[in-house]
Amino acid sequence: MAAKAWGGRFQQQTDARVEAFTESISFDSRLAAVDIRGSQAHARMLAKVGLITDDECRQIVETLTEIGGEIEQGNFEFRFELEDIHMHIESALIERIGDIGRKLHTGRSRNDQVSTDLKLYTRGAIERVDSLLKDLQVAFVERCDRDADQVLPGFTHLQRAQPVKAAHYWLAYCEKFDRDRQRLADCLTRVNVSPLGGAALAGSSLPIDRHYTAELLEFTDVARNSLDISSDRDYLAEFCFCMALIATHLSNWAEEWIAWFSTEFGFIKLPDAFTTGSSIMPQKRNPDVLELIRGKSARPIADVQQTLVLLKGLPMAYNRDMQEDKLAMFDAYDTVAACLELAAAMVEGAELQVETINAKLEDGFLDATALMEYLIKKGTPMRTGHGIVGKLVSLCESRSIRLADLTLEELQQACPEIEEDIYQVLGARNAMAALCSFGSGGEQPVQEQTAYWKEKLGL
Ligand code: ARG
């Protein structure tokens, strides 16, 4: 049984059940690399201010590197009685270099150490998710040229609404994932504030230099209040929220493509490599990956809640409850990263079923709003135009025809201002082409959007 680093005032060994219950090594071992980086910076600072010698610092730094290598290669034994990754590394250090290793924890506590590790880890996670988001944006933007001539029915309430360029759809997702990237960048500004040296809750009477460790660890600022440091997990709640919103956007997209992949829609073909079959029905091709992207979005959403519920009852400052924070963060991160990777591959590999889409493009009166706007241009008040077109739609429905099938006389009967040029407005493609306002789904505005994204993403 290993002696506890904090064992001095205890007269009994810790109950084995308590050790198994309170351990976090089973999930925080993934902080090993950042823990070592943080400890090496801390040791360098201790040497700089004279709390350890340069030679002691060198031994600590080198031995930590060695321990880090062993952990990475899986040559390091984890034991519940050493609780967490921080104690494992410190005790290995002491085992190897004795009293010098006993000096490492000078002027810090696990409370600021855990937060430092988590911030370094979250910083890496933000970088990776940002780059995966960018890959997904690129996949959408690259579809714009591929589907350059395609028009899609736009839906509201999943009912046919107005026609738009296919690229308008792709770029709509690009916008959402861009806001996700902006949110991550903003989250990073708070992640990037160094907690190291806040110690347990009150700081230290030793001459530690927190600004120096912050600089070594490439933090952009130093947290000002040690009590706040010890209790702050805002950045994890924010990070989980960022993951939850990305997951929500992915789920929206997946839901849409699941519908589009159905025989009823038939809008999209997915590569075999990204669909799965049925164990009983030989004909099946199921969009399981999309369904799981939609399904897995539940996890980051729950992780935000787990983090907030975990934190909401805690008094200042560190409380052991906080050990559980990592579970939510890791889960949110892993889930979103895995989903993003597959999403980009699917966006790249899918094909629009152009024939099916085009065959039904004139269904559902996608041009009704364009006709109403034509009337407005001819001087008809909007509400009056709305009523006129509504009646024409109803007339068409009763005869199972389209607006473009009405004769000029029939149209003029409904509204005398209508002229021959109306036939350049009716029909889905014409209605799409008439869209010209900034940000709309028409030819020119979509070209502008595409150019904007190509430039922004360096394509
Ligand atoms: N395993 C703990 C965690 O992850 C380490 C911090 C322990 N601090 C303490 N005061 N017991 O949060």
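Mentor: A definition before we start: a residue counts as buried if 20 or more other C-beta atoms lie within 10 Å of its own, and as exposed if 12 or fewer do. Keep in mind that this is a predicted model.

Trainee: OK. Which residues of helix H11 are buried?

Mentor: H11 covers residues 288–296, and its buried residues are Val 289, Leu 290, Ile 293, Arg 294 and Lys 296.

Trainee: Which helices do those buried residues pack against?

Mentor: Three of them: helix H10 (234–261), helix H12 (298–312) and helix H13 (325–349).

Trainee: What about the loop between H12 and H13? Where does Ala 317 sit?

Mentor: In that loop, between H12 and H13. Look at the peptide bond joining Met 316 and Ala 317. That bond is cis, with omega at about 0 degrees.

Trainee: Remind me, what are the domains in the assignment?

Mentor: Domain 1 is 7–106, domain 2 is 111–150 + 171–201 + 231–359, and domain 3 is 368–456.

Trainee: How many Å separate the centres of domain 2 and domain 3?

Mentor: 38 Å, taken over C-alpha atoms. As for contacts, 4 residues of domain 2 meet 4 residues of domain 3.

Trainee: Which elements give two or more residues to the domain 2 side?

Mentor: H6 and helix H7 (166–191). The residues on that side of domain 2 are 4 nonpolar, no polar and no charged.

Trainee: Now the strands. How do S1 and S2 pair, parallel or antiparallel?

Mentor: Antiparallel, over 6 bridges; S1 is residues 151–156 and S2 is residues 159–165. Leu 152 stands opposite Val 164 in S2.

Trainee: How many residues are between the strands?

Mentor: 2, in a hairpin. His 157 in the turn has a positive phi of about 55 degrees. Leu 158, in the loop between S1 and S2, has a positive phi near 60 degrees.

Trainee: Why does Leu 158 count as exposed?

Mentor: Because Leu 158 has 8 C-beta neighbours inside 10 Å, and exposed takes 12 or fewer.

Trainee: What about Ser 400? What is its phi?

Mentor: Near 50 degrees, a positive value in a residue other than glycine. Ser 400 is in the loop between helix H16 (382–399) and helix H17 (408–414). Ser 400 counts as exposed because it has 7 other C-beta atoms within 10 Å.

Trainee: Last topic. What does UniProt list for residues 8–299?

Mentor: The unreviewed entry gives "domain: Fumarate lyase N-terminal". In the model, that span is 60% helix and 7% strand, with its end C-alpha atoms 41 Å apart.

Trainee: And what does UniProt list for residues 365–432?

Mentor: The unreviewed entry gives "domain: Argininosuccinate lyase C-terminal". Residues 365–432 are 59% helix and 0% strand, and the end C-alpha atoms lie 12 Å apart.

Notes. Residues numbered from 1 in each chain as written. Predicted model: local features only at pLDDT ≥ 70, side-chain atom pairs only at ≥ 80, totals over all residues. Pairing = 2+ DSSP bridges. Helix = DSSP H or I, 4+ residues; strand = E, 2+ residues; numbered from the N terminus. UniProt positions renumbered as here; feature names shortened; annotations may be inferred. Contact = placed C-beta atoms within 7 Å. Domains from an automatic or database assignment. Nonpolar A, V, L, I, M, F, W, Y, C, P; charged D, E, K, R; others polar.
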